[in-house]
Amino acid sequence: CTLSRESSILSPRQEAMTMDGHGRVSRGGIEGALQWAHLDPNEQTSSYVRSLAKRAQEGDTDAEAASVELEGLFPRDGSRIAFGTAGLRSSMAPGPLKMNDLVIIQTAQGLARYCQGNCETSKKLLAVVGFDHRCRPQFGLSSRRFAMLTKLVFLEAGMDCILLDSSMGYVHTPLVSYATIELGAAVGVMVTASHNPKDDNGFKVYWSDGVQIRPPLDSGIASSIVKDDNLTPWTDYDSLLRKREEESSDLCFCLSDPVTTMKLAERYFQCIRSCGLVTGQARLLREDGWLPPSFAYTAMHGVGYQWSIKSFETFGLDPFKSVPSQESPDPTFPTVSFPNPEEKGALDDAMEFSENNNCDIVLANDPDADRLAVAERDRVDGSWTVFSGDQIGTMLGHWLFMEVGKQSEKPIAMVASTVSSAMLSTIGKREGFHFEDTLTGFKWIGSCALTLNSHGYRTLFGYEEAIGFSYPDIIPDKDGVSSLSIMAELAYAVYHDGKNLKAHMQELYTKYG
């Protein structure tokens with residue numbers, strides 16, 4: 001469209017924000033913000049920016065505060081949110097540094113064009129998109145809306161796209177990695193901020209191999225995003241959403257595919273069964289003379305509950321007891337100051353629930369269910385042990401080699417990041433499996449695992465100390481849903497032998513140093 005001089009303005013990238021002598025944003029900075037508002041398809045964030053710009057111009061007592069906020073949202077150097085480790089992550093708010101509709105559209109447009117220019121196939125490219133429950137009603141922003149916009153972008157680009165949508169509307173992050181591989185997709189996107197603060201959101205990108213993007217993919221995608229053609233919305237996405245909303249009562253406006261999602265979920269759990277990770281410890285429940293461990297589970301107000309139930313069923317385990325105050329997805333995370341199972345106090349509700357319901361072990365997923373925390377209450381004195389990521393990783397790695405790896409026809413390999421404990425490496429040298437350490441991050445752990453597999457190994461396990469555990473037989477990324485049931489099987493065996501996890505960990509220290 002052609003704009004008048006009063007409304008025709010430069011983009012934030014072209015015109016840096018400046019402050020006048022009275023501490024107010026200069027005309028140029030306000031114009032940059034208004035240009036953003038003009039492109040922004042979200043009426044709430046667009047109106048918020050316009051109102052902020054108006055207040056900054058009026059010169060009253062509120063002008064300085066509005067100017068400071070405006071400069072924070074639209075920095076004077078014209079910078080924008082960086083496309084880095086696995087994708088994007090920031091708070092949900094207006095502006096080029098934040099997670100909002102326009103940033104999502106720009107990112108998805110750049111990603112689509114990069115895929116079309118770098119995926120060698122004669123078939124129509126496919127993308128997979130999933131989302132969690134995060135939202136910020138103040139600005140009309142949510143993971144669901146971001147995911148729907150992302151699908152609309154891929155469709156506009158001429159790609160196919162499956163928007164994952166379970167019976168409760170959300171999927172756990174591991175399912176996106178799995179679906180990307182299973183469907184032969186060019187790219188997968190999970191809209192989540194995982195365990196970050198409640199106002200945050202993220203745009204996590206998986207390449208066709210199910211691994212988080214890594215160099216040179218990340219820099220190539222970043223360059224594609226900031227091309228002028230991709231910074232301007234290709235179409236009126238908001239109108240497309242509104243039209244679909246008028247025609248459908250479905251929460252995703254008929255953009256999602258619940259049937260395909262649940263079929264993929266069933267295949268994901270079937271993959272867990274068929275790859276040998278289920279070792280049948282549930283058979284011990286038929287024996288007398290021992291008291292099996294009882295488990296308390298917390299989803300940490302995230303999406304993990306329904307998937308963890310199915311995981312326990314897949315392993316044939318007795319049902320866990322769910323912490324009711326943290327069971328349902330809740331974007332306000334009301335019982336924790338920070339929804340990270342590693343944070344001090346995050347497991348307090350689960351521990352109290354365990355004490356009141358005679359549970360021995362707490363299994364805690366983070367909100368997108370790709371990580372696992374474990375704590376244990378001593379049956380004798382009631383004291384608690386919260387296991388570190390290294391301790392959990394050591395126990396899981398040792399268990400998997402002893403129960404699964406020793407029967408493998410292929411040589412076994414395991415992977416951990418360089419910041420993790422060297423104990424798994426020591427176990428590997430003693431027991432006879434190959435171990436490699438990598439740079440920090442699951443993009444490196446996952447890609448290393450796939451490389452080892454291509455060299456004839458079976459990479460059975462990968463982990464890093466930040467309570468992330470991977471089973472490359474399923475996906476080359478973190479998987480808290482598989483992890484909790486593997487840990488439960490391990491606990492069955494340990495308790496059947498008359499010990500607890502704390503004592504078992506000490507035995508590993510004694511044996512391997």
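Trainee: What should I know before reading the residue numbers and values?
Mentor: Residues are numbered from 1 along each chain as its sequence is written, and side-chain values use heavy atoms, with hydrogens and water left out. Because this is a predicted model, local features need pLDDT of at least 70 and side-chain atom pairs count only at pLDDT 80 or more, while totals for chains, interfaces and linings use all residues.

Trainee: OK, in what order do the strands of the open sheet run?
Mentor: The 5 strands follow the order 1-7-6-2-5 with mixed pairing, where strands are DSSP runs of E of at least two residues and helices are runs of H or I of at least four, numbered from the N terminus, and two strands pair if DSSP finds at least two bridges between them.

Trainee: And which are the edge strands?
Mentor: Strand 1 (87-91) and strand 5 (160-163), each of which pairs on one side only.

Trainee: Switching topic, how many salt bridges are there?
Mentor: The count comes to 21, taking a side-chain nitrogen of Lys or Arg within 4 Å of a carboxyl oxygen of Asp or Glu.

Trainee: What does Lys204 pair with?
Mentor: Lys204 forms a salt bridge with Asp370, with the closest N and O atoms 3.5 Å apart; Lys204 is in strand 7 and Asp370 in the loop between strand 10 (361-365) and strand 11 (372-377), 166 residues apart.

Trainee: Is Lys204 buried or exposed?
Mentor: Lys204 is buried at 7% relative accessible area, given that buried means under 20%, exposed over 50% and partly exposed in between (1.4 Å probe, protein chains only). Asp370, at 1%, also counts as buried.
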